[in-house]
Amino acid sequence: MTHWAEGQVRTDLRDDLGDREAKGVRAFIAIRMSEPGEESVAKTIDELKHPHDGVRWVPRANLHITLKFLGPAVDAHQLQRLTGGLHQIATKTAPFEVAAVGIGAFPDLEHPHAIWVGLRSVEAGALAALAARLETVAAEHGFEREKRRWSGHLTIGRVGDRPIAAKTREALQAAQDREFGVSKIESITLYRSHLGPAGASYEALATFLFQSR
């Protein structure tokens, strides 16, 4: 079963991470929606999916909003150094709200490869500004800059090479304008991704709480 590893908030990496991960860590920085928001998205996924629909739907436990993918094999010591920069960002960021609205897909709903829920900052530009700050700090610590323009979204499904079922495409189009509520974003988390035959599981390595103004 895929899941997010749960545990207490920590702001430093485990001392043994470097010894255990000699080949590097698949890592990314992400935020999560509120519990009600995730529940609303999960219910919609349950409505949309059916056997043999051609979509690999994301389980509720794995729903997340990626702000920066750091790489498939990152040196643990480099991650440790990055935590200082993430802490600085968090202390200068106030909690903000994000509305989850609408369903779309890349490149489009007619020929989807990734199906997503759209995101919009209640405070204009807050989410994009956070992603931009993370991009800058990551680059300062030796991580490659993303060449594509960042686009805030919550991935809920992925599609392989074969077309999705017509019933699923129609259901997606009917749900294009659905709303999933507003989530208060109060932290960023550095995650490690484990890839396996059953799918991916994500482990929280360090969490950085925002500071209220």
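Visitor: How do the residues of the lining of the largest pocket divide into nonpolar, polar and charged?
Guide: This is a predicted model, and its largest pocket has a volume of about 1,300 Å³. Of the 35 residues that line this pocket, the closest to its centre are His64, Thr66, His153, Thr155 and Arg158. By residue class, the lining divides into 15 nonpolar, ten polar and ten charged.

Visitor: Which element gives the largest share of the lining of the largest pocket?
Guide: Several elements give two or more residues to the lining of the largest pocket, among them β2 (25-31), β7 (153-159) and β10 (199-209). The largest share amounts to five residues, and the element it comes from is β4.

Visitor: Is Arg192 buried or exposed?
Guide: Arg192 has its place in strand β9, an element that is itself among those giving two or more residues to the lining of the largest pocket. The relative accessible area of Arg192 is 3%, and because the limit for this class is under 20%, Arg192 counts as buried.

Visitor: With which side chain does the side chain of Arg192 make a polar contact of 2.5 Å?
Guide: The side chain of Arg192 is joined to that of His194 by a polar contact of 3.4 Å. The polar contact of 2.5 Å, in turn, links the side chain of Arg192 with the side chain of Glu203.

Visitor: How far apart in space are His52 and Ile164, C-alpha to C-alpha?
Guide: His52 lies in the loop between α2 (35-48) and β3, and with a relative accessible area of 72% His52 is exposed. In sequence, His52 and Ile164 are 112 residues apart, whereas in space their C-alpha atoms are separated by 8.6 Å.

Visitor: What share of the contacts in the protein chain with a separation of 6 or more is accounted for by residues 24 or more positions apart?
Guide: The secondary structure of the protein chain comes to five helices and ten strands, and buried residues make up 46% of its 213 residues. Among contacts with a separation of 6 or more, the share that residues 24 or more positions apart account for is 77%.

Visitor: Over which residues does pLDDT stay under 50?
Guide: The protein chain averages a pLDDT of 89, and 89% of the residues score at least 70. Where pLDDT is low, the predicted coordinates should not be read in detail. That caution concerns a stretch for which the model has 22 contacts beyond four places in sequence, and where pLDDT stays under 50, namely residues 1-8.

Technical notes. Residues are numbered from 1 along each chain as its sequence is written. This is a predicted model: local features need pLDDT of at least 70, side-chain atom pairs count only at pLDDT 80 or more; totals for chains, interfaces and linings use all residues. Side-chain values use heavy atoms; hydrogens and water are left out. pLDDT is the predictor's confidence in each residue, from 0 to 100. Contact means heavy atoms within 4.5 Å. On a 1 Å grid over the protein atoms alone, a cavity is a set of points where a 1.4 Å probe fits but cannot get out, and a pocket is an open set with protein on both sides within 12 Å along at least five of seven lines; lining residues have an atom within 4 Å of a point. Grid points are joined across faces, edges and corners, and a volume is the space filled by probe spheres set on the points. Helices (H or I, at least four residues) and strands (E, at least two) are DSSP runs, numbered from the N terminus. Ala, Val, Leu, Ile, Met, Phe, Trp, Tyr, Cys and Pro count as nonpolar, Asp, Glu, Lys and Arg as charged, and the others, Gly among them, as polar. Buried means under 20% relative accessible area, exposed over 50%, partly exposed in between (1.4 Å probe, protein chains only). A polar contact is a pair of N or O atoms within 3.5 Å; within protein, one must be able to donate a hydrogen and the other to accept it, and residues adjacent in sequence count only if both atoms are side-chain atoms.
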